[in-house]
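Good morning, and thank you for making time for this presentation. I shall go from the overall fold to a few individual residues.

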Amino acid sequence: CLTHDCTLRCAYCYAGEKRKVVMPFETAHQAIDFAVARHNRLIEGDRFVLGFLGGEPLLEWALLQHSDAYAAEKCKAAELRFARTLTTNLTLLTRERTEWLKARDYWCGFSLDGTKAAHDAFRRYADGRSSFDDCLAALGRARDVGLRGEIVAVVNPSTAGTLAESVRFLTGLGYAVSVNVNFLASWDDAACTALEGA
């Protein structure tokens with residue numbers, strides 16, 4: 001978790017209140033050293049997976065790149081195959097970053113909740129603006145360069161009735177879709193019925 005800060009203010013975010021807390025480089029080194037040293041080949045084989053999360057990890061691009069290089073070096077010394085993952089809200093995924101991630105064979109979780117209405121119901125910028133068009137454009141850049149990953153959509157009680165429409169929309173964007181239910185929300189009978197009907 002590179003930072004607790006984020007470009008968005010998603011109403012259902014599991015990470016809680018956003019704050020400008022960033023992992024120091026030394027802590028990143030210690031975390032990677034700890035994980036590599038305790039990698040259990042009997043259970044995990046020779047594949048070591050490092051996943052970047054946030055907040056929005058792309059806010060700390062230099063730290064991400066540095067941590068990637070450090071982990072690659074440690075894995076090589078330990079004779080481990082290094083696999084990389086990133087979960088991003090897409091708002092900072094530029095062409096340059098997309099190509100960098102593709103070159104290192106990242107697997108990405110792209111957060112996009114469905115149609116514009118479903119997405120903007122919860123996933124807006126800190127100033128309240130829609131993030132939908134920016135996210136869609138970034139996803140197109142990822143698809144164009146062949147960046148691997150899947151769309152991660154969250155369904156909430158108020159968007160449950162439009163889930164089928166959102167899934168139809170998302171499956172047309174060139175990626176597999178994973179739908180996660182916001183279990184922290186209050187699901188009344190009407191919302192549960194809407195979800196079952198979707």
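Let me begin with a definition: a residue is called buried under 20% relative accessible area, exposed over 50%, and partly exposed in between, using a 1.4 Å probe and protein chains only. Please also keep in mind that this is a predicted model, in which local features need pLDDT of at least 70 and side-chain atom pairs count only at pLDDT 80 or more, while totals for chains, interfaces and linings use all residues. Residues are numbered from 1 along each chain as its sequence is written, and side-chain values use heavy atoms, with hydrogens and water left out.

I turn to the overall architecture. Eight helices and five strands make up the secondary structure of the chain; these are DSSP runs numbered from the N terminus, with helices being H or I of at least four residues and strands E of at least two. Read from the N terminus, the order is α-α-β-α-β-α-β-α-α-β-α-β-α. The radius of gyration is 18 Å, close to the 16 Å that the globule rule gives for 198 residues, so the chain is as compact as a globular protein of that length. That radius is taken over C-alpha atoms, and the rule is 2.2 Å times the number of residues to the power 0.38. The C-alpha trace spans about 55 × 35 × 35 Å along its principal axes.

Of the 198 residues, 42% count as buried. If we take contacts between residues at least 6 apart in sequence, 72% of them join residues at least 24 apart, where contact means heavy atoms within 4.5 Å. The chain exposes about 10300 Å², and carbon and sulfur atoms supply 54% of that area; the method is Shrake-Rupley with a 1.4 Å probe, and for residues only the protein chains shown count as cover.

Next, the strands. Strand β3, residues 107-111, is mostly covered, with four of its five residues buried. Strand β2, residues 81-88, pairs with β3 in the parallel sense over four bridges; pairing requires that DSSP finds at least two bridges between two strands. In that arrangement, threonine 88 has phenylalanine 110 of β3 as its bridge partner.

How accessible is glycine 51? This residue is found in strand β1, residues 47-52, and glycine 51 counts as partly exposed because its relative accessibility is 36%. Its C-alpha atom is separated by 13 Å from that of leucine 63, 12 residues apart along the chain.

In the loop between β1 and α3, residues 61-77, we find glycine 55, and the peptide bond from glycine 54 to glycine 55 is cis, with omega near 20°. In the loop between α3 and β2 lies glutamate 79, which has a positive phi of about 60° although it is not a glycine. Glutamate 79 is exposed because its relative accessible area is 65%.

Is leucine 90 buried or exposed? Leucine 90 sits in the loop between β2 and α4, residues 95-103, and has a phi near 80°, a positive value in a residue other than glycine. Leucine 90 counts as buried because its relative accessibility is 0%.

Finally, aspartate 127 is found in the loop between α5, residues 116-120, and α6, residues 132-145. Aspartate 127 is exposed, with a relative accessible area of 55%.
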